[in-house]
Amino acid sequence: MPGSRWLNAALLAFAGLVPAAAAPNEAGLLQQHGGPIVVIAIIVLLQTVVIVALLLQNRRARRAEMAARQQLTAIAQMNRLSVAGELSASISHEIKQPLAAIAANASAALRWLSRPTPDMGEARAAIERIIGETHRASDVIGKIRAMFKQAGDDKAPVDVNALIREVLALLRRDIEKRRIAVETDLPAGLPEVVGSHAQLQQLFLNLVTNAVEAMDPVAERGRRLRVTSRPHETDGVLITVEDSGTGIDPRNAKQIFEPLYTTKSQGMGLGLAICRSIVEAHGGRVSASPGALHGLALRISLPSGQAGRA
């Protein structure tokens, strides 16, 4: 590193100058120019050089760390999009076959029934094939749902507050880059939630990311993100994620959780739909309403561990 080379050079220079100044019987370079005053000036100069070198080294390290984090985030996003693309292509391939068969058999049944003397036997066989292909398509969907369900079967007690702090730490660089002020109110003593740590982490990651991105167009007021947790009813936890973004029409409060519904120009409309699926899989509820910060407030209620074990 350049900073290390500066530091080594400064120390070597310092090691060579001090003995020269300390020689009692020689009129050294330093003694000819004021003795101790020159020594002090050189020491101060060397210390300044070392400090500047260390600051430069630290700045380069921070820039390298930030670039590495941004690159990892971009790679992770590309991987998620790639996985989503592969998954959608696989689902499309599996579903297209029974749908094509259903369409072909329906056309055949119509032809048999449209004859001057309808062939009821052939029409019946075509309709039976339609029923079989319908069951096949249903099985494909069931297998896909089971695959995702098994991914979240490993459930354990989860500290919701700790998980929220973990997610905010993961997104800290992005939040700071967007100049968003974060407010948290996460009181101690909340009951634990029995659930999948990975799925609940994905839930809060989606919620916070959605709130952060919603504030991108905001310029006339401060960008604020507020995350709170509270005891809910008798045995649950209520988490609220609120932003100062552009908000939504109250009439669309329920629609935003529907798949493929999005208000973003480049959104896929899956983030909040996934959130709802995760919340409902944990026995909870999710709702949206205009928030006190001019944006959107998302509220998630989750039953506690005691309720989950009952």
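Is R124 buried or exposed? R124 is exposed, with a relative accessible area of 57%; exposed means over 50%, buried under 20% and partly exposed in between, with a 1.4 Å probe and protein chains only. This is a predicted model, in which local features need pLDDT of at least 70 and side-chain atom pairs count only at pLDDT 80 or more, while totals for chains, interfaces and linings use all residues. Residues are numbered from 1 along each chain as its sequence is written, and side-chain values use heavy atoms, with hydrogens and water left out.

**Helix α3**

Select residues 120-151, which are helix α3; helices (H or I, at least four residues) and strands (E, at least two) are DSSP runs, numbered from the N terminus. R124 lies in this helix.

Move along α3 to E133. E133 counts as buried, because its relative accessibility is 18%. Apart from neighbours within four places in sequence, E133 is in contact (heavy atoms within 4.5 Å) with P98, A101 and I102.

**The sheet**

Next, display the five strands of the open sheet, in the order β2-β4-β5-β7-β6, with mixed pairing; two strands pair if DSSP finds at least two bridges between them. β2 (181-185) and β6 (285-290) are at the edges with a single partner strand each, so one side of each has no neighbour in the sheet. From one strand to the next, the twist averages 15°.

Zoom in on β4 (residues 224-232) and β5 (residues 236-243), which pair in the antiparallel sense over eight bridges. Here H232 is opposite G236 of β5.

**α4 against α6**

Keep α4 and select helix α6 (residues 197-214). The two pack at about 55°, with their axes 10 Å apart. That makes α4 oblique to α6, since angles under 35 degrees count as roughly parallel, over 145 as roughly antiparallel, 65 to 115 as roughly perpendicular and the rest as oblique.

To see the contact, show side chains including L163, I164 and V167 of α4 and L200, F204 and L205 of α6.

Notes
Axes are lines fitted to C-alpha atoms, for helices over the stretch in contact, and angles run from 0 to 180 degrees between N-to-C directions.
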